[in-house]
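Here is a short report on the structure shown below.

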Amino acid sequence: MIMHIKDFSFTYKGASKPSLKNINLPILENKVTALIGPSGCGKSTLLRSMNRIHDLYPGNKYEGEILLKNLQNQKMENILEIKKENDFIALRQRVGMIFQKPTPFPMSIYDNIAYGLKLQGIKDKTELDKRVEDALKGSALFKEVKDRLNDDARGLSGGQQQRLCIARAVALKPEVLLFDEPTSALDPISTSAIEELIVELKEEVSIAIVTHNMQQASRISDYTAFMYLGDLIEYDKTETIFLNPKQQMTEDYITGKFG
Amino acid sequence: MRLLINKLVLILSTLAALLGIGFLFWILITLSIKGISAINLHIFTADLVDNGLRNLLFGQFVLALIAVVIGVPIGMIAGIYLQEYSYNSKYAQFIRNLSDVMMSAPSIVIGTFVYAIVVNPIGHVSGWAGAIALAIMMIPIVVRTTDDMLGLVPTELREAGVAIGAPKYKVIFNIIIKAAKVGIMTGILLAFARIIGETAPLLFTSGNSEFWTTDLNNEFPSLTVAIYNLATMPNEELVNIAWAGAFLLTMFVLIINLLGRFITKEKTK
Ligand SMILES: Nc1ncnc2c1ncn2[C@@H]1O[C@H](COP(=O)(O)OP(=O)(O)O)[C@@H](O)[C@H]1O
Ligand SMILES: [Mg+2]
């Protein structure tokens, strides 16, 4: 277990009710965990708590614990206790995030990846070159872009941009990667490229992915959590969730009775 | 009946448009004829004392450039604050409204204001006072374009920057401003075009000078104030110089504006 979400509730600033209620969910090491559920049930809210990106906007309320394993001493540490800017930065380098729409930075393909590495303090040019190349190879993009590393990243196709964003996150050698519907803005071919990539990546990182595409969840995930209206209804091996769910509601959702 | 009103409105608005364009061309044509015929090498090499424009052109640019150097950083920082740090508080909304009001403030008011706070205490007009007046004119434009252009950058890009571990100020300066660069540059260009042709803010602040000078602590030459003064002179040669100056200034402003538009078009393509 790399992360453990315990009795976690989340309330947006100014909201009268919590958007997440008492969530308990493990994120297992080197596995893909899918979060599914109808739109508005709180999948993104949960995912965005796991790197505390919510904190860009002040005034939200966290309750409970989100534990992240410290690889140095194998202890689980509560990321909700983080207060200092430096600790936030460290957290986000350990827990990367890929968004729904590709978000290339307005710079070259090379710099998109080197930027985060430089923030980590890597200055040596040969080291940077190597890490950039590794990251691009790791996200199956190197062959396509190796002759135009200095071109503006915004000139890439949507699928390539998304893989660049994955490369950018992977380059930092994170422990966990969070994906928020990473393929919902992409065509089927790019989608399957990204799905393959996610499956390969779990050798090195643990992955949590929000998807509203159930086929996608069943294709790539090892564990699946079904959420509904801010509650975690059921969590189990993906097979079990799709073939033998224990909750009636999960079954109804899987079989398309609502959603 | 409705058809008739439609037709009437169409005809009236076409006429109004033609009238407007007509006047515009009339001005441009007169300006070109009188201006071009008054242009010769001499006006670029001599100062106003010798019936040239050299010190005036130089002075106008220096004032405008100093205004840019003062106004752009202040305006951009304020715009960045409004868009990135204020979380749209009431206070931020108030500042936004205030800069909109300032943008439409008559420029003579700004000239008078600077006269009161700079010229009067010092006791005489100066290049600095003129540049400050132009900077004040420029600031609200830069504030609002920076604010608006940053607002067009998608939130996801900010989140993506934070998500790879960049501190907020680095996200803003390395990523968001870059993404909004073209828009902000265009805004600055148009703000520059706006102040380069101003007379009223300079009239009581930088005054006028017939001589070549680089001393901003004293009265400072500018094309616009000179045109204002020369236009009513009884001396025909001086009036012609004014025409030449007016023509050059108009062309310059026109080119900057076209450039601004061109950049905006290229960007949205
Ligand atoms: N910034 C916000 N402020 C207030 N409420 C929000 C905000 N973002 C999302 N919500 C609410 O939180 C709930 C969960 O939203 P979200 O996590 O985006 O759902 P999902 O990703 O599963 O579609 C929804 O009811 C939504 O309206
Ligand atoms: Mg969502």
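## A buried methionine in chain A

A:Met50 lies in the loop between helix H1 (43-49) and strand E4 (61-69) of chain A. Helices (H or I, at least four residues) and strands (E, at least two) are DSSP runs, numbered from the N terminus. A:Met50 is buried, because 22 other C-beta atoms lie within 10 Å. The cut-offs are 20 or more other C-beta atoms within 10 Å of its own for buried, 12 or fewer for exposed, and partly exposed in between, with C-beta atoms placed from the backbone.

Leaving aside neighbours within four places in sequence, A:Met50 is in contact with A:Met3, A:Ile66, A:Val95, A:Leu178 and A:Ala208. Contact means C-beta atoms, placed from the backbone, within 7 Å. A:Leu67 is 17 residues from A:Met50 in sequence, and their C-alpha atoms are 9.1 Å apart.

## Basis of the model

This is a predicted model: local features need pLDDT of at least 70, side-chain atom pairs count only at pLDDT 80 or more, and totals for chains, interfaces and linings use all residues. Residues are numbered from 1 along each chain as its sequence is written, while chains are lettered from A and ligands numbered from 1 in the order in which they are written.

## The six-stranded sheet

Six strands of chain A form an open sheet with mixed pairing, in the order E6-E7-E8-E3-E9-E10. E6 and strand E10 (231-237) of chain A stand at the edges; each has a single partner strand, so one side of each lacks a neighbour in the sheet. Neighbouring strands are turned by 15 degrees against each other on average, direction ignored. Two strands pair if DSSP finds at least two bridges between them.

E6(A) and E7(A) run parallel and are joined by four bridges. A:Ile98 has A:Phe179 in E7(A) as its bridge partner. From E6(A), A:Val95 and A:Met97 point one way, A:Gly96 and A:Ile98 the other, and all are buried. Strand E7 (residues 176-180) and strand E8 (residues 206-210) of chain A are also parallel, over five bridges. There A:Leu178 has A:Ala208 in E8(A) as its bridge partner. H6(A) packs on the sheet and touches E6 and E7 of chain A; its direction makes about 175 degrees with that of E6(A). Axes here are lines fitted to C-alpha atoms, for helices over the stretch in contact, and angles run from 0 to 180 degrees between N-to-C directions.

How many residues of strand E9 (residues 223-228) of chain A are buried? Six of the six are, so the strand is largely enclosed by the rest of the structure. A:Tyr223, A:Ala225 and A:Met227 point one way from E9(A); A:Thr224, A:Phe226 and A:Tyr228 point the other way.

Strand E3 (residues 32-36) of chain A pairs with E9(A) in the parallel sense over four bridges. A:Ile36 stands opposite A:Phe226. E10(A) pairs with E9(A) in the antiparallel sense over six bridges. A:Lys237 in E10(A) is the bridge partner of A:Tyr223. The hairpin of E9(A) and E10(A) has two residues between the strands, and A:Leu229 takes a positive phi near 50 degrees.

## Helical chain B

Chain B has 12 helices and zero strands. Of its 269 residues, 41% count as buried. Its C-alpha atoms fill a box of roughly 70 × 65 × 35 Å along the principal axes. Six of the eight residues of helix H11 (residues 223-230) of chain B are buried, so this helix is largely enclosed by the rest of the structure.

The largest nonpolar core has 141 residues, and B:Leu134 and B:Met138 have the most contacts inside it. Such a core is a set of buried Ala, Val, Leu, Ile, Met, Phe, Trp, Tyr and Cys residues joined through C-beta atoms within 7 Å. Helix H6 (residues 127-152) of chain B gives the most to this core, with 16 residues. Not counting residues up to four places away in sequence, B:Met138 touches B:Ala67, B:Gly71, B:Gly75, B:Ala191 and B:Ile195.

## Where the chains meet

The contact takes 20 residues from chain A and 13 residues from chain B. On the side of chain A, H2(A) gives the most, with four residues.

Definitions and conventions:
Contact = placed C-beta atoms within 7 Å.
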